[in-house]
Amino acid sequence: MRHRVAGHRLKRSSSHRRALFRNLITELFRHGRIKTTHAKARAVRADAEKLITLAKRSLEKENDVHERRRVLRTITDKKVVEELFETIAPEYKDRPGGYTRIIKLGPRQGDAAPMAILELVE
């Protein structure tokens, strides 16, 4: 039974899963959309939206060092963090949530894994 078990494990160790999520979220913010498996897209979506919400909260403050450092725990590329705080978060200033969408693509050629596109909502 899965009582009180949160998150998607994706059959990986915790360090491998953390690195995978970091890379997927970084590329999502860098390019605006990524193509990955449907399971990975569903797993990463919540973390990406939490980071956007954190960046949105910093818009109201004059000093956002704490929020930037919290985001830097996940995203290690400072240029991507700057882009998140300077361009992505202000776009969603009036939006109460739902910053990403998942579009199903169909099975992958090699192993028939269900593929999807995870993208930021315009």
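Here is a walk through the structure, from the overall layout down to single residues.

What you're looking at is a predicted model, where local features need a pLDDT of at least 70 and side-chain atom pairs count only at pLDDT 80 or more, while totals for chains, interfaces and linings use all residues. Residues are numbered from 1 along each chain as its sequence is written, and side-chain values use heavy atoms, with hydrogens and water left out.

Let's start with the whole chain. It holds four helices and three strands; helices (H or I, at least four residues) and strands (E, at least two) are DSSP runs, numbered from the N terminus. Along its principal axes, the C-alpha trace spans about 50 × 30 × 25 Å. Of the 122 residues, 38% count as buried, where buried means under 20% relative accessible area, exposed means over 50%, and partly exposed is in between (1.4 Å probe, protein chains only). As for contacts (heavy atoms within 4.5 Å), take those with a separation of 6 or more: residues 24 or more positions apart account for 55% of them.

Now for the sheet. Strands of a sheet pair through backbone hydrogen bonds, either parallel or antiparallel. Here three strands form an open sheet in the order β1-β3-β2, with antiparallel pairing; two strands count as paired if DSSP finds at least two bridges between them. The edge strands are β1 (33-37) and β2 (100-107), each pairing on one side only. Neighbouring strands are turned by 25° against each other on average, direction ignored. For such angles, axes are lines fitted to C-alpha atoms, for helices over the stretch in contact, and the angles run from 0 to 180 degrees between N-to-C directions.

Look at β3 (residues 114-120) next. With β1, this strand pairs over five bridges: R33 has E119 as its bridge partner, and I34 has L118. With β2, strand β3 pairs over seven bridges. There, I103 is partnered by I117, and K104 stands opposite A116. The hairpin of β2 and β3 has six residues between the strands, and in it A112 takes a positive phi near 60°. Six of the seven residues of β3 are buried, so this strand is largely enclosed by the rest of the structure.

Helix α2 (residues 38-57) lies across β1, β2 and β3, running at about 170° to β2. Leaving aside residues up to four places away in sequence, L84 touches F29, L51, I52, A55, V71, I75, A89 and P90.

A search of the whole structure turns up one aromatic pair. Rings of Phe, Tyr and Trp (its six-membered ring) pair if their centres lie within 6.5 Å; planes under 30 degrees apart count as stacked, over 60 as edge-to-face and the rest as tilted. The pair is Y92 with Y99, and it is tilted: 5.2 Å centre to centre, with 50° between the planes. Both tyrosines are buried.

Finally, a few single residues. In helix α1 (residues 14-31) you'll find S15, which is partly exposed at a relative accessible area of 47%. Although A19 and T74 are 55 residues apart in sequence, their C-alpha atoms are 8.9 Å apart in space. S58, in the loop between α2 and α3 (65-72), is buried, with a relative accessible area of 4%. Not counting residues up to four places away in sequence, S58 touches D64, E67 and F85.
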